[in-house]
Amino acid sequence: MKILIVDDFSTMRRIIKNLLRDLGFNNTVEADDGNTALPILKAGGIDFLVTDWNMPGMPGIDLLRAVRADEKLASLPVLLVTAEAKREQIVEAAQAGVNGYVVKPFTAETLKEKIEKIFERVEGGA
Amino acid sequence: MTLPLDDKARAEFLTHAREIVARLEAADDEGFMAALDTLARTRETDLFNELGKLTRSLHETLTGFQLDSRISALAEKDIPDAKERLNYVITMTEQAANRTMDGIEEMLPLAETLGERAEKHATAWKRFRGREMPVDEFRELSRELDGFFEQASMDIQQLRGSLSDVLMAQDYQDLTGQIIRRVITMVQEVEEQLVELIRVAGKRLAPETTEEDAQLKEEDDNRRGVGPAVPGVDKGDVVSSQDEVDDLLSSLGF
């Protein structure tokens with residue numbers, strides 16, 4: 001299981017990376033916005049995408065849309081971990097095909113719960 | 001005195017000038033001097049009026065200049081200064097977060113090893129207390145326990161060091177708080193100066209943004225992301241917890 005963590009703040013990437021390691025996911029790669037994340041995704045081998053929304057360059061919502069529009073990536077599970085908390089934004093993300101939405105600040109338990117739920121669903125649906 | 005003269009002033013001066021010439025031709029010396037005085041007084045009055053206008057205009061210019069120079073100081077110095085300060089806040093918080101995580105990454109494996117070894121020795125100790133341990137194995141255990149106590153004491157000292165480092169890393173909150181407060185004060189001053197400028201200008205500087213423009217701007221902001229909702233600043237339809245996010249998503253069939 002290889003996970004791509006996308007956030008413009010390296011500290012947040014580090015926090016997510018540490019939490020994922022605690023959950024037993026040791027294989028992670030990082031990118032600092034959508035523009036740097038897309039080539040990594042297109043190169044293949046990523047099983048799960050955790051992304052922030054508000055980033056310079058390409059924001060997370062655009063990255064999500066690019067992923068869903070790409071034939072090879074369309075079914076990639078995507079979790080948004082973001083401080084964006086407007087209802088219309090959450091609805092927008094849901095319509096764009098997000099698999100989970102975690103608002104910052106978040107707890108380790110919340111992240112764990114959402115990730116497990118996503119995998120349950122992905123495995124159940126597959 | 002304003003030049004050229006207006007018609008009224010010219011007529012007035014002409015009347016006085018004619019009077020002077022007439023008195024002079026009539027050899028009316030007294031009348032001539034009186035007419036000359038009247039002419040001089042007329043000119044003086046004009047000068048005073050003019051001086052008054054000049055003084056007023058100078059005063060207004062100076063007041064305006066004071067405002068302008070403060071605004072340009074804000075634009076040239078204070079705002080770049082504030083940007084620097086805010087960048088520094090990012091740097092400080094980043095350093096504090098990394099320092100904290102450095103400490104945690106040092107401590108976690110120490111705690112794990114300590115726990116594992118303690119558990120292993122506890123099991124052996126229990127066997128010894130239950131008289132289930134041969135003498136040779138007990139000698140081995142005592143040697144191991146000696147080593148374990150020594151190591152544990154060293155590890156705990158290191159844990160203490162890392163913990164206090166994590167504690168100290170939290171000082172960023174105080175420091176960045178002070179910097180941010182200073183920036184807030186500056187922003188407040190900019191606001192006041194802008195309000196004053198608009199008042200002095202006495203008219204709208206730009207056409208009012210329409211509701212449609214505002215709507216478009218909000219949509220674009222939403223797409224790009226607006227960052228954490230700040231209490232008291234960000235109003236509107238914002239969720240306040242993960243539970244609300246979950247409720248909203250489940251209402252959408254998630």
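Colleague: In what order do the elements of chain A run from the N terminus on?

Modeller: Happy to walk through it, keeping in mind that this is a predicted model. Chain A has 5 helices and 5 strands. Read from the N terminus on, these elements run β-α-β-α-β-α-β-α-β-α.

Colleague: Of the contacts in chain A with a separation of 6 or more, what share comes from residues 24 or more positions apart?

Modeller: Take V50(A) as an example: setting aside residues up to four places away in sequence, V50(A) touches I3(A), I5(A), V6(A), I16(A), L79(A) and V81(A). For chain A, among contacts with a separation of 6 or more, the share from residues 24 or more positions apart is 59%.

Colleague: Which residues have the most contacts inside the largest nonpolar core?

Modeller: In soluble globular proteins, nonpolar side chains tend to be buried together. Here 39% of the 126 residues of chain A count as buried. The largest nonpolar core has 35 residues. Those with the most contacts inside this core are L4(A), L49(A), V50(A) and L80(A).

Colleague: Good. Which element gives the most to the side of chain A that touches chain B?

Modeller: The contact draws 23 residues from chain A and 22 residues from chain B. On the chain A side, α1 (10–22), α4 (87–95) and β5 (100–103) each supply at least two residues. The element that gives the most, with 6 residues, is α4(A).

Colleague: And how many nonpolar residues does the side of chain A that touches chain B have?

Modeller: Sorted by class, that side has 5 polar and 6 charged residues. Its nonpolar residues number 12.

Key: Residues are numbered from 1 along each chain as its sequence is written. Chains are lettered from A and ligands numbered from 1 in the order in which they are written. This is a predicted model: local features need pLDDT of at least 70, side-chain atom pairs count only at pLDDT 80 or more; totals for chains, interfaces and linings use all residues. Two residues are in contact if their C-beta atoms, placed from the backbone, lie within 7 Å. Helices (H or I, at least four residues) and strands (E, at least two) are DSSP runs, numbered from the N terminus. Ala, Val, Leu, Ile, Met, Phe, Trp, Tyr, Cys and Pro count as nonpolar, Asp, Glu, Lys and Arg as charged, and the others, Gly among them, as polar. A residue is buried if 20 or more other C-beta atoms lie within 10 Å of its own, exposed if 12 or fewer, and partly exposed in between; C-beta atoms are placed from the backbone. A nonpolar core is a set of buried Ala, Val, Leu, Ile, Met, Phe, Trp, Tyr and Cys residues joined through C-beta atoms within 7 Å.
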